[in-house]
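This report concerns the structure shown below. Please keep the sequence and the model in view while reading.

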Amino acid sequence: MAEENQLQLVTFQLGEELYGVNIMDVKEIVKITAVRPIPNAPYYVEGIFNLRSEIIPVINLHKRFQIKKLEISDEDEELEGGFIILNIDNNKIGIIIDRISRVVSVSIDEIKAPPQMISGIGTEYINGVVRQEDKYLIVLDTRKLFNAKELQKIIDPGKE
């Protein structure tokens, strides 16, 4: 079966680059809502927000990886970003995106090892890259975005 070699990716834009995460790690995509800051959180934690009575921490990957935000013109205003809610080890975490793209299927064979450095993101966070016409789709490894200690700090920032 050809489907066994396929990977479904939710793709989104962060700055100028296109990223993808395994659809199996995505709980849902939500429009931007009010985020409440939390004291003593790591610098890349934007805060928390309430999603149907569930408190979700929100991570700013722009800050985490020093990525410049995408400049959005007035006519593109309705295309503004939101959050992708990821399910990482049974913890829901929101990541801020500039613009959602679409779900794509890629062949596992198409995913190549990443170049040493892409837009400030270290290769340890990347599963690989897929060449698409004149651009690359960067496939993020959601399991490696945060180590266990960071994950604990994000989920429960009050504990040290």
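D25 is buried, its relative accessible area being 11%; buried denotes under 20% relative accessible area, exposed over 50%, and partly exposed the range in between, with a 1.4 Å probe and protein chains only. D25 is found in the loop between β2 (17-22) and β3. Helices (H or I, at least four residues) and strands (E, at least two) are DSSP runs, numbered from the N terminus.

When residues up to four places away in sequence are not counted, D25 touches I85, L86, N87, T142 and R143; contact means heavy atoms within 4.5 Å. With R143, the side chain of D25 also forms a side-chain polar contact of 3.2 Å. A polar contact is a pair of N or O atoms within 3.5 Å; within protein, one must be able to donate a hydrogen and the other to accept it, and residues adjacent in sequence count only if both atoms are side-chain atoms.

## Basis of the model

This is a predicted model, in which local features need pLDDT of at least 70 and side-chain atom pairs count only at pLDDT 80 or more, while totals for chains, interfaces and linings use all residues. Residues are numbered from 1 along each chain as its sequence is written, and side-chain values use heavy atoms, with hydrogens and water left out.

## Overall architecture

The secondary structure of the protein chain comprises two helices and twelve strands. From the N terminus on, the order of elements is β-β-β-β-β-α-β-β-β-β-β-β-β-α. Of the 160 residues in the protein chain, 45% are buried. Among contacts between residues at least 6 apart in sequence, 57% join residues at least 24 apart.

The protein chain exposes about 9300 Å², and carbon and sulfur atoms supply 49% of this area. Accessible areas come from the Shrake-Rupley method with a 1.4 Å probe; for residues, only the protein chains shown count as cover.

## The five-stranded sheet

An open sheet is formed by five strands in the order β8-β1-β2-β12-β11, with mixed pairing. β8 and β11 (126-132) stand at the edges with a single partner strand each, so one side of each has no neighbour in the sheet. From one strand to the next, the twist averages 30°; axes are lines fitted to C-alpha atoms, for helices over the stretch in contact, and angles run from 0 to 180 degrees between N-to-C directions.

Strands of a sheet pair through backbone hydrogen bonds, either parallel or antiparallel. Here, two strands pair if DSSP finds at least two bridges between them. Strand β1 (residues 6-14) and β8 run antiparallel and are joined by seven bridges.

## Salt bridges

Side chains of opposite charge can pair when their charged atoms come close. The whole structure contains seven salt bridges, a salt bridge being a side-chain nitrogen of Lys or Arg within 4 Å of a carboxyl oxygen of Asp or Glu. One of them joins R52 and E28 (2.5 Å, N to O). R52 lies in the loop between β4 (45-51) and β5 (54-59) and E28 in strand β3 (residues 26-31), so the pair ties together parts that are 24 residues apart in sequence. R52 is exposed, at 61% relative accessibility.

A further salt bridge connects D98 with K69 (3.4 Å, N to O). This pair links distant parts of the chain, 29 residues apart: D98 is in the loop between β7 (91-97) and β8 (99-107), and K69 in the loop between α1 (61-65) and β6 (82-88). D98 counts as buried, at 3% relative accessibility. K144 and D141 also meet in a salt bridge (3.8 Å, N to O), and D141 is buried, with a relative accessible area of 11%.

## K63 in helix α1

K63 is located in helix α1 and is partly exposed, at 37% relative accessible area. Apart from neighbours within four places in sequence, K63 is in contact with Y43, Y44 and E46. The side chains of K63 and E46 make a polar contact of 3.3 Å. The C-alpha atoms of K63 and E46 are separated by 9.2 Å, and the two residues are 17 apart along the chain.

## Positive phi angles

Most residues other than glycine have a negative phi, and most peptide bonds are trans. D89, in the loop between β6 and β7, has a positive phi near 50°. E133 likewise has a positive phi, of about 45°. E133 is placed in the loop between β11 and β12 (135-140) and counts as exposed, at 77% relative accessibility.
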